[in-house]
Amino acid sequence: MGTQSGAAVFDMDPEVPLFDALNGVVKDLRFLKVTCQKDVVAVFDGRAHPMKGSEESSREQHRRDSIVALNSIYEEDFPGLYDRVKKLRTTIVYRRVDFAVRIADECKKLGIKVIQAPFEADWQLVELQRAGLIDNILSSDGDLFVLGGDRIISELNYHSGACCFYQRDNILTRISMGRGDYSGELHALSCFLGNDYVNRLDGNGPARVRELMASFVSVNHQAREQMIRTISSTRKWKKDDESFAIDFYDKFWRAYYLHVCPPVIRLHASSDDEMIDLDKPASYFATLEPLNPIPTPISRDQWGHIIGFDCNPASLLTGELEKIFTLEVLPLTDIPMHCLDQPLLEHPPHYKIAHGATPDDHIPLQYWSDWALSVFLNERGMRIRGKYDRQNSIRIAKRLLSLRDSIGARAPQPREWKADHKTAYDEEEPLCLAGHGEFFHWSSE
């Protein structure tokens, strides 16, 4: 499942519920369940790889830059920049730690199996497909094909059902794949082109990469190492990227082996006369294994180091593998997965101020989020029914604010909204906040 981009209200302000984010996810999952006519399995990401730490540092700086831009717009009160403001807000959100639990609960209500990978979900998806436990993979991540995935669905339109369907044998015969010559070295192709763990070198366009791959596949491992060492000492990196404190040689080979033998949970039948059934945890036991055999002459003790963990991957997982796999505990700890009574206020308060998810005098009214407008109006008895009209909501809120200012009264703070644990499939009509709440009932406490 991974991170939900632009998760709106939930990620941006922990004082309001997550229904905006959940509604989008649940609608997509329901579409899959209804239209596929097959069992659906949702695989969640586990612990992040250490080599992605620099990516988070980059995102943090991007958040700070976005906050500066947002505050500049708010202070000057520039008109007509709402779309720009919304885009900036999506870059400063954080994902609450129990978001996966909420989604998992809804998956179970829909009859969708939920699984948690120990690390990256992509690695686990390929392992499940190879084991014959899933047929097709729905993902937008290109690494799946490099990892050995087949029958991959991407760019799915959840309204029309249109999508792109990739089959491994067909892709490997393309010119960009060397007409099959690269089939055994897609890991190297990915590293030359750039992926989540190593950036593309300047100048490595399609033509240059084809030249590199032609040389790479035609020589032995020792010559390949010398080739990468020469590139590392003579080629330029992308500028201003702290993630390249490690030189290209080390980065390349760590990313290469990470795509060859990433750590996954492998299931084994509990007995010789029993089949593995994902619905029956008693039918299997789990071990942490490399997706593919570790290349010789590398030993099992060196496995963690060559893939960038600098330790045995199993030592990073404290919970029982079976409980991690079934999403009963977090992979980082032995703590059971559960929904938080109160969110963790672990980030600086200026993030909350900048995104405008709640009514806030520091933010011009025209840049309040739809949720903020809904809460503001509902708290004053202005229940909006029918199609949501943002401009009309702003006009009404402006009149109410003018009235408040004229009588010198402070507007009451919006109450905190909490789910009453009902779902969209109940018969009762849901409480609708300005056109929201399509899938969930909400009650204020």
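Q: Before we dig in, what does pLDDT stand for in practice here?
A: pLDDT is the predictor's confidence in each residue, on a scale from 0 to 100. We need it because this is a predicted model.

Q: How does pLDDT look over residues 1-17?
A: Residues 1-17 have pLDDT below 50. That stretch still has 46 contacts in the model beyond near neighbours in sequence.

Q: And what about residues 342-347?
A: pLDDT stays under 50 there too, and the model gives residues 342-347 seven contacts beyond four places in sequence.

Q: Switching to the inside: how many cavities of 30 Å³ or more are there?
A: The count is one. The volume of the largest cavity is about 40 Å³.

Q: Which residues line the largest cavity?
A: The lining is made up of K52, E120, D122, W123, D141, D143, D196 and Y197.

Q: How does that lining split by class?
A: Six of the lining residues are charged, two are nonpolar, and there are no polar ones.

Q: New topic, helices. How do you describe two packed helices anyway?
A: You give the angle between their axes and the distance between the axes.

Q: Is the crossing of α9 and α10 right-handed or left-handed?
A: Right-handed, as α9 passes α10.

Q: Let's talk backbone. Which peptide bond is cis?
A: The bond from T296 to P297 is cis, and its omega is near 5°.

Q: Where is P297 found?
A: P297 is in the loop between β7 (284-290) and α13 (303-306).

Q: Last one: what's with phi of R151?
A: R151 has a positive phi, near 50°, in a residue other than glycine. You'll find R151 in the loop between α7 (143-147) and β4 (152-154).

Notes. Residues are numbered from 1 along each chain as its sequence is written. This is a predicted model: local features need pLDDT of at least 70, side-chain atom pairs count only at pLDDT 80 or more; totals for chains, interfaces and linings use all residues. Side-chain values use heavy atoms; hydrogens and water are left out. On a 1 Å grid over the protein atoms alone, a cavity is a set of points where a 1.4 Å probe fits but cannot get out, and a pocket is an open set with protein on both sides within 12 Å along at least five of seven lines; lining residues have an atom within 4 Å of a point. Grid points are joined across faces, edges and corners, and a volume is the space filled by probe spheres set on the points. Ala, Val, Leu, Ile, Met, Phe, Trp, Tyr, Cys and Pro count as nonpolar, Asp, Glu, Lys and Arg as charged, and the others, Gly among them, as polar. Contact means heavy atoms within 4.5 Å. A crossing is left-handed if the near helix is turned anticlockwise from the far one by less than a right angle, and right-handed if clockwise. Helices (H or I, at least four residues) and strands (E, at least two) are DSSP runs, numbered from the N terminus.
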